[in-house]
Amino acid sequence: MSIFEYNGSALVAMVGKNCFAIASDRRLGVQLQTIATDFQRIYNIHPKLFIGLSGLASDAQTLYQRLVFRHKLYELREERNMKPETFASLVSAIQYEKRFGPYFCQPVIAGLGDDDKPFICTMDAIGAKELAKDFVVAGTASESLYGACEAMFKPDMEAEELFETISQALLSSVDRDCLSGWGGHVYVVTPMEVTEKILKGRMD
Amino acid sequence: MGDSQYSFSLTTFSPSGKLVQIEHALTAVGSGQTSLGIKASNGVVIATEKKLPSILVDEASVQKIQILTPNIGVVYSGMGPDSRVLVRKSRKQAEQYHRLYKEPIPVTQLVRETAAVMQEFTQSGGVRPFGVSLLVAGFDDKGPQLYQVDPSGSYFSWKASAMGKNVSNAKTFLEKRYTDDMELDDAVHTAILTLKEGFEGQISGKNIEIGIIGADKKFRVLTPSEIEDYLQEVE
């Protein structure tokens with residue numbers, strides 16, 4: 001059994017019109033046993049930058065702590081927040097440092113860059129970046145997520161429609177994956193505000 | 001290093017609270033050839049005298065103004081070989097930054113790291129401080145910037161500054177001529193006039209060096225013929 005499937009996870013990020021949404025499931029399991037139904041996978045690095053970490057939960061938490069550390073020092077030194085593209089390069093570099101003993105995580109990075117242009121990307125466990133203009137997915141439910149997003153995504157959606165679309169894509173995909181689910185956690189970020197919503201889906 | 005007679009730091013405090021070696025290093029800088037920098041509203045210019053020890057020296061091979069990154073350049077006053085070490089280290093630090101963040105290093109960060117290197121050499125065993133002051137000119141997202149870094153490792157942002165032999169005359173001249181809304185071309189003219197003030201002999205495109213960076217964020221050293229053009233405009 002793959003180490004990436006030990007805890008189970010589902011992550012998706014989508015780009016809308018001057019906004020983005022990032023969503024995750026809420027299950028933390030140990031193989032077949034469900035341990036928690038309120039597990040946080042998406043973290044806020046700064047008001048316009050979010051990172052979701054799928055894969056092994058222990059590595060996800062450790063990697064997040066390292067990234068927060070690096071970002072805080074960067075903020076102190078450079079007196080500005082990191083751009084999402086810069087942050088993605090940093091995550092990639094940190095993951096590749098551990099090329100022969102990697103963090104078993106697949107990050108999904110979403111943020112608003114210069115002029116509030118939405119930026120999303122994902123990478124594999126050793127830092128191979130994959131930029132996308134529409135959506136990125138990660139986790140045990142990724143195959144279902146690819147299908148659902150491809151079918152439901154439209155370019156230039158406004159915040160409300162984007163929220164509906166990403167929620168439907170997430171909930172329908174995790175229903176086809178036994179290792180992820182127990183609801184959803186969605187962040188919709190526009191230049192003005194950040195909205196956080198909890199979804200109730202099939203609680204299994 | 002541990003057994004050597006010189007394993008203690010050569011920069012030790014004097015009873016008056018000064019680090020005498022750093023004072024001496026500043027003297028070395030003060031007897032070096034004059035160099036100056038001016039920050040304009042849309043760019044930065046740095047310039048230096050290029051007095052060669054003999055007419056037999058091939059002046060085209062000597063370049064005092066060096067490029068650190070495509071948008072940051074540096075000039076020094078003091079000991080040339082010391083400046084080469086710093087240029088090498090700074091270039092490496094800039095590239096390391098780029099490798100990590102895939103972004104060009106901001107001028108302030110590069111200056112801070114170069115200054116940290118210079119400070120290290122005032123607090124380590126068996127080494128002496130650098131005998132150079134650097135003028136770092138760059139253009140990044142925060143606009144045009146000019147920094148002076150001293151042998152002690154302290155750095156300041158300047159609107160216009162000078163270092164080397166003719167420093168007091170040059171600074172007085174700059175204080176009079178500097179205006180906040182100066183453009184890059186005016187700044188080059190002012191730089192040339194300032195160098196001319198203390199210049200022994202006939203100034204020409206072959207015995208001064210000028211580096212400029214404008215809003216295009218590309219640092220470049222002017223060719224001797226470009227300097228001649230500016231000199232003619234100044235006449």
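Biologist: Which residues touch the most other members of the largest nonpolar core, and what makes a set of residues such a core?

Modeller: Of its 44 residues, those touching the most other members are I51(A), F87(A), I109(A), L134(B) and V136(B). Helix α3 (residues 107-120) of chain B is the greatest contributor, giving six residues. A nonpolar core is a set of buried Ala, Val, Leu, Ile, Met, Phe, Trp, Tyr and Cys residues joined through side-chain atoms within 4.5 Å. Buried means under 20% relative accessible area and exposed over 50%, with a 1.4 Å probe and protein chains only. Helices are DSSP runs of H or I, at least four residues, numbered from the N terminus.

The model is predicted, so local features need pLDDT of at least 70 and side-chain atom pairs 80 or more, while totals for chains, interfaces and linings use all residues. Residues are numbered from 1 along each chain as written, chains are lettered from A and ligands numbered from 1 in the order written, and side-chain values use heavy atoms, without hydrogens or water.

Biologist: What does F87(A) touch?

Modeller: Leaving out residues up to four places away in sequence, F87(A) touches I45(A), L49(A), I51(A), L67(A), M82(A) and I109(A). Contact means heavy atoms within 4.5 Å.

Biologist: Why is T86(A) called buried?

Modeller: Its relative accessibility is 2%, and the limit is under 20%. T86(A) lies in helix α2 (residues 84-97) of chain A. Not counting residues up to four places away in sequence, T86(A) touches Y74(A), Y101(B) and E103(B).

Biologist: Why does S14(B) count as buried?

Modeller: Its relative accessible area is 18%, which also meets the cut-off of under 20%. S14(B) sits in the segment before α1 (20-30) of chain B.

Technical notes:
Helices (H or I, at least four residues) and strands (E, at least two) are DSSP runs, numbered from the N terminus.
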